[in-house]
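Please open the structure in your viewer and keep the selection tool at hand. The stops below are meant to be taken in order.

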Amino acid sequence: MDAIEQAKRLAAYTAVDNHVLPEHRVIGIGSGSTVPYVVERIVQQGPAVNKGRVFIPTGFQSKQLIVDAGLGLGDVDQYPTIDVTLDGADEVDHQLNCVKGGGACHLREKVLAEAATTFILVADHRKNVEYLGTNFTQGVPIEVVPFAYAKVLQNLHHILGSPKATLRMAVKKAGPVVSDNGNFVIDAPFERDMMIDPYTIMAQIKMLTGVVEVGLFCKMAKAAYFGNADGSVTVRWKDGQVNQILAEEAPGN
């Protein structure tokens, strides 16, 4: 396992150990490359603990992880209140605002984040930044109904200050990426001075008619766990506290 994968596993294992407690019965499972390690650690809690639990996926990937692990599968319309949701992120700032949607799952991810009593982020150290847009430079993911995408692009270009906003195109099919909900995705980069306050730009984008959801998650997470290259884990908390878990203390080392 290379250093980045090891870092992802460290973050996921530590977050599960701290936040997926035996009494939790409804658990949201997010999307992204860190999430398989979340499911792996939950399975390691044992059949007795997982018996009767329900796991709610944010998309196709997480649904398959839940099914393949033999865990109980549910949906948010059956369980609109979730004990804890664990999810990855494309980038997280020091106030725990994050960018999500690199995998075009951010609508369902935000529903599960809002439904959760506790929302926890897990990522590797590359995602731990002072300002959003530092490393994840392709822009804010915006899910939009197909009928409105051209109008929304014009709004982003000429009103909201993202002249390089583009429709996300598929890699191995002709045409645009289509989300699990049948919508298109726009990636809208913004300058640093606008990303210092991501809540404001999120609200402005959300007000555009045709926008379904914005991949900025602001003021939602309780904590973010970052696996570091040296085997340690950095934990950022909503109240501004930062903890460092040494390599010898981190699970999985």
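The tour goes from a nonpolar core to a sheet with its helices, and then to some ring contacts.

This is a predicted model, in which local features need pLDDT of at least 70, side-chain atom pairs count only at pLDDT 80 or more, and totals for chains, interfaces and linings use all residues. Residues are numbered from 1 along each chain as its sequence is written, and side-chain values use heavy atoms, with hydrogens and water left out.

Begin by selecting I27, I29, V38, I42, L86 and Y225, which touch the most other members among the 27 residues of the largest nonpolar core. Such a core is a set of buried Ala, Val, Leu, Ile, Met, Phe, Trp, Tyr and Cys residues joined through side-chain atoms within 4.5 Å, where buried means under 20% relative accessible area, exposed over 50% and partly exposed in between (1.4 Å probe, protein chains only). Elements that give two or more residues to this core include α1 (3-19), β1 (26-29) and α2 (35-44); helices (H or I, at least four residues) and strands (E, at least two) are DSSP runs, numbered from the N terminus. The largest share, six residues, comes from α1.

A second, separate core of 26 residues can be found by selecting V140, I142, L153 and I201, which are among its members.

Next, colour the open sheet of four strands, whose order is β8-β9-β7-β10 with antiparallel pairing; two strands pair if DSSP finds at least two bridges between them. The edge strands, each pairing on one side only, are β8 (166-167) and β10 (211-214). To see how β8 meets β9 (residues 184-188), select T166, which stands opposite D187.

How are the rings of Y149 and F184 placed? Their centres are 5.7 Å apart and their planes are at 65°, so the pair is edge-to-face (rings of Phe, Tyr and Trp, the last by its six-membered ring, pair if their centres lie within 6.5 Å, and planes under 30 degrees apart count as stacked, over 60 as edge-to-face and the rest as tilted). Y149 lies in helix α6 and F184 in strand β9, so the pair ties together parts 35 residues apart in sequence. Y149 is partly exposed, at 30% relative accessible area, whereas F184 counts as buried at 16%.
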